[in-house]
Every structure is written in structure tokens, then in C-alpha cells.
Protein chains: 2
Amino acid sequence: MSDLPIVNIGICGLGTVGQGVWKHITRSRAKFESRLGARLVLKSASVRDLGKKRSVRVAKSRLTDDPMALATDPKIQIVCELMGGTTLAKDVTLAALRLGKTVISANKALVCEHGPELFAAAREHGGHYFFEASVAGGIPIIKALREGLVANRFRRIYGILNGTCNYILTRMEREGLTYPVILQEAKALGYAEAEESLDVDGWDTAHKASILTHLAHGTWVPTKAMVVEGITQITQADIQHAKESGFAIKLLAVIEQDEKTDEIAVSVAPMLLPRTKVLANVNEVYNGIAVTGDVVGETIYIGRGAGQDATASAVISDIVDAIALLLRGNAALPEPVEHNYPLAKPENLTGRYYLRLDVKDEPGVLAKIATVTSKSKVSIASLDQRPSDQTGAASLILTTHRSNEKAIRSTVNNLRRLSSVLGEPFLLRIASFED
Amino acid sequence: MSDLPIVNIGICGLGTVGQGVWKHITRSRAKFESRLGARLVLKSASVRDLGKKRSVRVAKSRLTDDPMALATDPKIQIVCELMGGTTLAKDVTLAALRLGKTVISANKALVCEHGPELFAAAREHGGHYFFEASVAGGIPIIKALREGLVANRFRRIYGILNGTCNYILTRMEREGLTYPVILQEAKALGYAEAEESLDVDGWDTAHKASILTHLAHGTWVPTKAMVVEGITQITQADIQHAKESGFAIKLLAVIEQDEKTDEIAVSVAPMLLPRTKVLANVNEVYNGIAVTGDVVGETIYIGRGAGQDATASAVISDIVDAIALLLRGNAALPEPVEHNYPLAKPENLTGRYYLRLDVKDEPGVLAKIATVTSKSKVSIASLDQRPSDQTGAASLILTTHRSNEKAIRSTVNNLRRLSSVLGEPFLLRIASFED
């Protein structure tokens with residue numbers, strides 16, 4: 001073994017994921033070394049607090065509190081950026097890439113916000129920037145899109161990309177408890193962050209959707225060009241109505257390309273997904289992605305979307321790919337071709353909608369509502385009225401035929417102004433994916 | 001574009017899959033060329049009948065009826081073996097590999113029966129042998145096992161790997177028709193071969209299971225060391241009982257490695273799979289594979305398992321990988337490490353069983369059967385008796401607690417000898433996968 005080439009790896013950030021990577025590489029080193037024909041050395045790790053106790057044993061001599069020193073250490077060939085954030089993490093990543101190193105990241109926000117700059121730095125200096133762990137944890141979806149499905153154009157990709165939201169929605173459905181109650185429990189169990197808004201408001205999913213869109217289409221869609229909505233307003237009325245109508249409510253990212261105009265539309269929102277779809281039955285912290293390719297048809301990928309081990313699995317697969325490349329001269333990889341496909345205007349998106357209103361329980365309410373919807377040319381497909389928690393009020397659930405965002409938003413605005421409508425109307429999209 | 005390197009591709013076999021590859025490469029050539037930085041030339045195709053009409057246009061000058069001439073043509077760098085069979089296909093593959101070419105195959109029987117020899121030839125002469133299309137059609141499961149999940153050891157892999165059987169079982173369940181009726185229809189629709197036994201007797205699935213086992217564990221398991229059973233004896237009584245008990249019947253390949261002994265067990269058989277499992281809801285011609293890794297947990301892959309386009313998608317992804325390697329000097333890839341793990345003896349496999357018996361409708365039958373099962377130490381978990389089609393007979397369905405193959409086979413043998421038991425007892429395995 002002594003004449004094997006040595007590959008030195010540095011880990012920036014020894015949090016949950018960093019410790020997972022350290023643990024599993026240490027545990028399976030012999031397997032990787034025999035597969036790769038190289039010695040893997042975990043050269044050093046950078047941490048914020050040198051004194052903190054960790055679940056993996058790392059010699060003090062290998063710890064540093066200076067990630068930049070690690071990233072620019074001439075002995076280190078592969079840098080794993082597992083710090084998170086988009087400021088220091090960006091500097092560290094760029095510094096390593098500019099030295100021709102390969103950087104492996106689990107940082108979806110960084111890839112999403114600074115992808116073009118980071119990819120350019122990798123290309124220019126002969127290194128690589130890999131980020132399998134940034135989307136859907138342990139599911140090798142990035143490799144599938146880049147390589148396995150390379151023969152395809154992707155008309156539609158949709159997925160459950162946030163384990164926290166899926167966990168909350170699953171428990172709301174199974175246990176009939178309210179969003180705030182489940183959220184508190186999820187926090188206590190470590191399934192939700194103390195500051196949960198990145199997850200529950202849809203931004204984490206939007207970052208991941210942006211990365212998948214670039215992989216599939218070569219076009220960067222900023223989150224501000226997407227519809228992005230979260231799960232915080234979902235009530236048991238919604239969950240129960242969905243259940244009774246044969247749907248599950250899932251926070252979905254939907255990436256579609258119009259066959260005629262090539263326009264790309266990306267939405268992130270809780271949607272009613274028919275139970276007959278495989279992803280409607282992907283529950284708890286699991287992620288799932290359905291990819292429709294023009295050659296292969298629909299393929300589906302399911303697995304744990306987060307957590308120490310699943311994410312470490314993805315980081316390690318990138319490390320192994322990076323080492324294999326390094327040992328063969330680190331040549332450039334075929335990259336998705338960049339395209340500036342036009343972006344669909346969110347207000348032009350079409351679909352079916354679900355609308356929940358609390359209304360005064362008095363005669364003539366339905367007529368007023370029907371007048372408002374017909375003015376916006378929104379056609380009602382079903383209507384379900386049930387008692388509300390409030391006395392003198394009723395809960396009204398409408399579903400529409402195919403309409404568009406502009407019409408439905410105008411409808412919601414006009415409904416809000418009716419004196420018979422109490423509180424805020426609540427809107428969900430119905431994801432039928434029938435075509 | 002004119003100074004781009006040229007890559008010449010030859011297609012041995014222009015049947016359904018070959019034509020699909022030709023069609024999609026022709027259609028998306030610009031995309032592949034811009035991604036790869038090379039010109040892709042479909043140099044020639046070999047066919048059995050030069051005069052036959054095909055759905056793709058291929059200039060006469062590019063057609064040959066001599067696959068060996070194609071495989072050894074010095075201008076051709078990448079050979080796609082899409083002929084099928086294990087004799088001429090093997091000679092052609094070996095000839096190309098011995099010239100250092102890369103061979104891409106959809107031929108599961110060939111990989112399964114001659115894998116070691118073919119891999120060795122690729123290694124020795126500096127080429128590659130790729131076979132993504134040989135298992136689960138368009139699902140990039142081989143890439144997932146080789147690369148995406150490289151950090152893992154695989155305790156259990158199970159999957160629906162034969163679209164024909166899944167199509168037949170799905171229709172039997174949905175329409176209540178018998179196996180022979182659906183089989184005839186499937187043949188008429190082109191979903192089953194005229195000679196269907198490779199599919200319905202489980203051998204096609206066994207070939208694919210062997211390939212997955214080698215990828216996951218580095219050990220070749222010959223089909224004769226597996227339990228291999230088909231779907232031809234399944235009746236509506238089985239389907240209905242399964243449905244009512246919360247199961248679907250699926251032809252599954254199950255690959256398990258014992259954590260303590262490292263023994264590998266591979267079974268192919270129709271099994272009762274709980275409806276709560278995602279794969280129980282994978283229907284029609286779709287394939288699905290559930291992979292449990294020690295790091296990532298369970299990941300699931302679903303897609304079309306066969307057909308022109310899905311298979312072409314897999315072949316083309318191998319072609320793109322091969323070209324990218326070729327342009328970078330065609331260096332060796334990290335390979336799964338070979339292991340000679342011990343193989344579990346089929347008779348030692350344990351599990352729960354389902355047993356259907358036609359019995360005489362007379363007093364004392366149950367007592368006789370219970371005596372037989374208890375002699376073999378098989379413990380009955382449930383018993384369901386219903387009228388049979390025959391007068392004076394009843395259909396008896398037993399399920400057992402955990403037992404083993406030896407005990408259950410001895411039970412079946414002893415039951416067969418009882419005068420109260422009419423015809424052949426029919427055995428299914430219950431795949432609970434609870435641990």
C-alpha cells in the first residue's frame with residue numbers, strides 16, 4: 001500500500017454533516033482506498049470552536065479555526081465546504097477553486113446564489129465544484145440529471161425537497177394536530193431548525209429548485225422569478241378536505257419547460273397531489289423527485305433528504321468522484337450547456353386551484369362569491385361548505401377548473417373585500433400533472 | 001465545429017433498442033456535441049437482414065451484415081452491442097474489447113454469464129465495458145450503485161426488474177382476469193415475447209439480480225445459487241387474498257447480505273409485498289428498486305424498465321460517459337472491489353410464507369394439515385378457508401410465522417401426500433422487510 005498516491009482532504013466545518021463525512025471515511029477507508037488505488041488522508045478540519053466536544057475523534061493537530069488557511073493549504077487537494085452561509089463559505093470556496101482544487105459542497109444557498117461565479121472559477125483554474133449533497137441529501141439526483149439522464153430534455157421535474165416540511169405535513173395529516181403544535185415538536189426532535197423560516201416558507205426548496213433547473217436546462221432562475229409559498233397557513237380543514245378528495249398536501253418544487261415557447265417556469269408551493277402519484281405517498285423526512293424526460297419517460301427518486309448520514313453519503317460520493325478524476329489528471333468534465341431560456345411570468349402560470357374561505361353563515365353569500373369568481377373568469381369545479389370553529393361562520397372550500405395565477409390572485413383580492421368573507425382567503429394549487 | 005475531435009460509434013443490432021439509440025442520437029446530436037466538445041458520428045450499424053424496413057433512416061453505405069467487421073473496424077471507437085444472445089454477441093464484444101474499444105451493452109444475459117471475462121478484457125486492453133441499459137431500462141441504477149451510493153454497504157436491495165411480469169400482475173389485480181388470458185393480451189400488445197418463459201419464469205429477473213449483486217458486493221452469484229420462481233401459477237385466489245390482506249403480489253429480486261456472516265442471499269420469486277411499501281404501488285411496465293445502504297438508509301428508484309426509448313436513454317448515457325472518458329485519455333475507472341463473499345444456502349433462507357391448498361371439503365382436514373405443519377415446526381399465523389371452483393372442495397390459504405425454506409419445502413412435500421389435499425400446494429413468500 002505504501003506506494004499508493006496520497007490524496008489529502010480538508011473539511012471546512014465540522015458540524016453534523018462534517019462529522020458524518022469524517023466518521024464514514026474513517027470507517028470505510030480501506031474500501032475506498034482499494035477501489036481508488038490511492039491513500040485517503042483526512043488532513044484537517046476547520047471549526048469555529050476548537051474546544052467543543054464532538055462525536056468524532058479528530059487529533060488536535062488536525063483542527064484549525066481558520067478555514068481559509070485550510071482551503072489554501074498547498075497539500076490539500078480536495079476541500080469540503082460544509083460550513084454553510086454565503087459569505088465566508090464563498091470566500092473559502094473561491095480561494096480553493098482559484099488554486100485549482102476541487103471543492104465539494106452541501107451548501108444549496110451558495111450554489112444557488114453564486115453558482116455561475118463558482119463554476120467559472122473551477123473551469124478557469126482546472127478544478128471542479130461538486131454539490132451532490134446540496135439537493136435531496138442522499139439521493140443521487142444530481143448525478144442522475146447530469147449523467148444518467150443526459151439523453152433527455154426535461155419537460156417536467158417536480159419534487160419534495162424539504163424534509164422538515166414533509167415531516168410536518170405528514171404528522172398534521174396522520175395525527176390531526178395543528179401546524180404550530182407539530183412545529184414545536186419538530187424543533188424539539190431536531191427535525192426543524194430553531195429559526196425555521198428558511199424551511200417552512202419555501203426558500204430552502206426554492207434554492208434546491210434553482211440548482212435542479214440549472215442542471216436540467218442550463219438556465220439560472222433566481223428565486224425572485226419563482227412563485228414561492230410556504231406551509232405555515234395550512235390548517236386541518238385543508239388537510240382533511242385533501243384527504244377526503246383523494247389528495248395529499250405536499251410542499252412541491254415544480255420545474256416545467258413549455259414545449260412550444262421553451263419558457264421555464266419554477267414554482268415552490270404547497271400543492272394538492274393526487275394520492276395515485278408515488279410522491280403523494282413519500283412521507284416524513286423523505287424527499288422524492290419525479291423527472292419526466294422526453295426519451296426515458298418518468299423516473300422517480302426517493303430517499304432521506306437530510307440528516308448526518310444521508311448527506312455524508314452524497315458528500316463522499318463526490319469525494320470519490322473527485323479523487324478518481326484527480327488520479328486521471330483532473331480533466332474537465334462535460335458540463336450542461338448554458339442556455340438563456342426565457343422565464344415564464346409567474347402571473348401567466350396556469351393550473352387548478354383550491355380556495356378556502358371563512359364566510360358569514362348567512363343567505364346570499366354563495367351568490368356574492370360566485371359573482372366575484374365569474375368576473376375574474378375563474379370557473380368553479382367544486383364547492384364544499386362545512387361548519388367553522390367560529391359561531392355564525394362557515395368554512396367554504398372551492399376548487400376551480402384550469403385558470404391562471406393572475407385571474408386567481410385577482411379573485412382572492414376581490415373575495416377579501418367582501419364583507420361576508422372573514423379573515424384571509426387561503427389558496428393552494430392542485431398539481432394534477434395529467435399531461 | 002470543424003476542428004472538434006470525431007468519435008465514431010458503431011451499433012451492432014438495429015432492432016428496437018438499436019433504432020431508438022440511432023433515432024435519439026440523431027435528434028439530439030447538437031446538444032451532445034456541444035456538451036462533449038466532440039463530433040458524434042454514427043459510423044455504421046450491423047443488421048441480420050440488410051433489406052428489412054426500419055423506422056429510422058440509415059444510409060445503405062452505413063449498414064453491414066457483419067457485426068464482427070463493425071466491432072473490429074479501426075475507425076470505430078465505441079461499439080454498442082444491442083444484438084442480444086450470448087454467443088455471437090460475446091465474440092463481438094470480446095473482439096472489440098481486445099482492441100481497446102469501449103463496448104456498451106444492454107445484454108443482461110451476457111453480462112451475467114460472462115461478466116468476469118468481459119471485464120477482464122476491458123481492463124487488460126484499456127477499454128471499458130458499460131451496461132447501464134442491462135438492468136431496469138431507463139433508471140440509472142447502475143450509476144447509482146457504482147458511484148452515487150459508493151459510500152455504502154448494501155444490506156438489502158430489492159426490486160421489480162421485469163416489466164412484463166409487473167404488467168401481467170397489475171392487470172390480473174385490476175381486472176380479475178386469469179394469468180393465461182392476460183398473457184395472451186400482453187403478447188398481442190408486444191409487452192410479452194412470443195417465447196415468454198425467460199420473463200415469466202423469473203430468469204430475466206435473475207440475470208439482472210446477478211448484475212446488481214456484483215455491483216453492490218463484488219461477488220458473482222450464479223442463477224443456480226438463487227431461489228428462482230416465476231409467476232405462472234398465480235391465481236385470482238392469491239391476488240384477491242393478497243389485496244384483502246393489504247399486500248400486492250410482485251415478482252421481486254431480493255439481494256441480502258447477512259451482517260454477521262457476510263453471506264449473500266439472492267432470491268427471485270413472486271412475493272406478497274405490503275401495500276405500505278412504495279414498490280407495492282409500482283405498476284404496469286414500470287420497474288422499481290429499493291436500496292438500503294448502511295450510510296444513506298433506503299433510497300428508491302422507479303421508471304420504465306424496458307422499451308425502445310427508456311433503454312435508449314440508458315445506452316446513450318453510457319455513450320456520453322464513454323466519449324467523455326475517451327476525450328480525457330480513457331483512463332481506468334475505479335471498479336467495485338471483487339469479494340468472494342460466501343453464498344447463503346437457499347434452504348437456510350428464512351421468512352414468512354403464504355400457502356394455498358385445494359382441499360376436500362370434509363371434516364378433519366384442518367387437523368391433518370396442522371399436524372403436518374407442526375411436524376416440520378412451521379407455525380401457522382393465519383388461516384382462511386373459502387369455497388373452491390370444484391364441488392366438494394375448499395380453498396385454504398395459510399400464512400406462517402417466520403420459518404425457513406427447508407421446513408416449508410418439507411411441509412409442502414408432506415401436504416402434497418395427504419389424500420385430503422387436491423392438486424399442487426402453491427407457495428408464495430411474504431416480503432415484510434421490517435428490519
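How many residue pairs are in polar contact across the interface of chain B and chain A? In this predicted model, the interface of chain B and chain A holds 12 such residue pairs, both residues of each being at pLDDT 80 or more.

**The interface**

On the side of chain B that touches chain A, four elements each supply at least two residues: helix 2, helix 6, strand 12 and helix 12. Helix 12 of chain B gives the most to this side, with 9 residues. The residues on this side of chain B comprise 26 nonpolar, 10 polar and 12 charged.

| Element of chain B | Residues |
|---|---|
| Helix 2 | 29–36 |
| Helix 6 | 141–148 |
| Strand 12 | 297–304 |
| Helix 12 | 308–327 |

The size of an interface is often given as the accessible area lost when the parts come together. Here chain B and chain A bury about 4,000 Å² between them, and 59% of this area lies on carbon and sulfur atoms. Of the area that chain B buries against chain A, B:R35, B:V150 and B:R328 supply 19%, more than any other three residues. The contact takes 48 residues from chain A and 48 residues from chain B.

**An annotated residue**

A "binding site" annotation in an unreviewed UniProt entry covers A:K108. This residue lies in helix 5 of chain A, which spans residues 108–125. A:K108 counts as partly exposed because its relative accessibility is 25%. Beyond its neighbours within four places in sequence, A:K108 is in contact with A:S134, A:D204, A:H207, A:K208 and A:I211.

Key: Residues are numbered from 1 along each chain as its sequence is written. Chains are lettered from A and ligands numbered from 1 in the order in which they are written. This is a predicted model: local features need pLDDT of at least 70, side-chain atom pairs count only at pLDDT 80 or more; totals for chains, interfaces and linings use all residues. Side-chain values use heavy atoms; hydrogens and water are left out. UniProt positions are given in the numbering used here, feature names are shortened, and annotations may be inferred rather than shown by experiment. Buried means under 20% relative accessible area, exposed over 50%, partly exposed in between (1.4 Å probe, protein chains only). Contact means heavy atoms within 4.5 Å. Buried area is the accessible area (1.4 Å probe) that two parts lose on being put together, summed over both. A polar contact is a pair of N or O atoms within 3.5 Å; within protein, one must be able to donate a hydrogen and the other to accept it, and residues adjacent in sequence count only if both atoms are side-chain atoms. Ala, Val, Leu, Ile, Met, Phe, Trp, Tyr, Cys and Pro count as nonpolar, Asp, Glu, Lys and Arg as charged, and the others, Gly among them, as polar.
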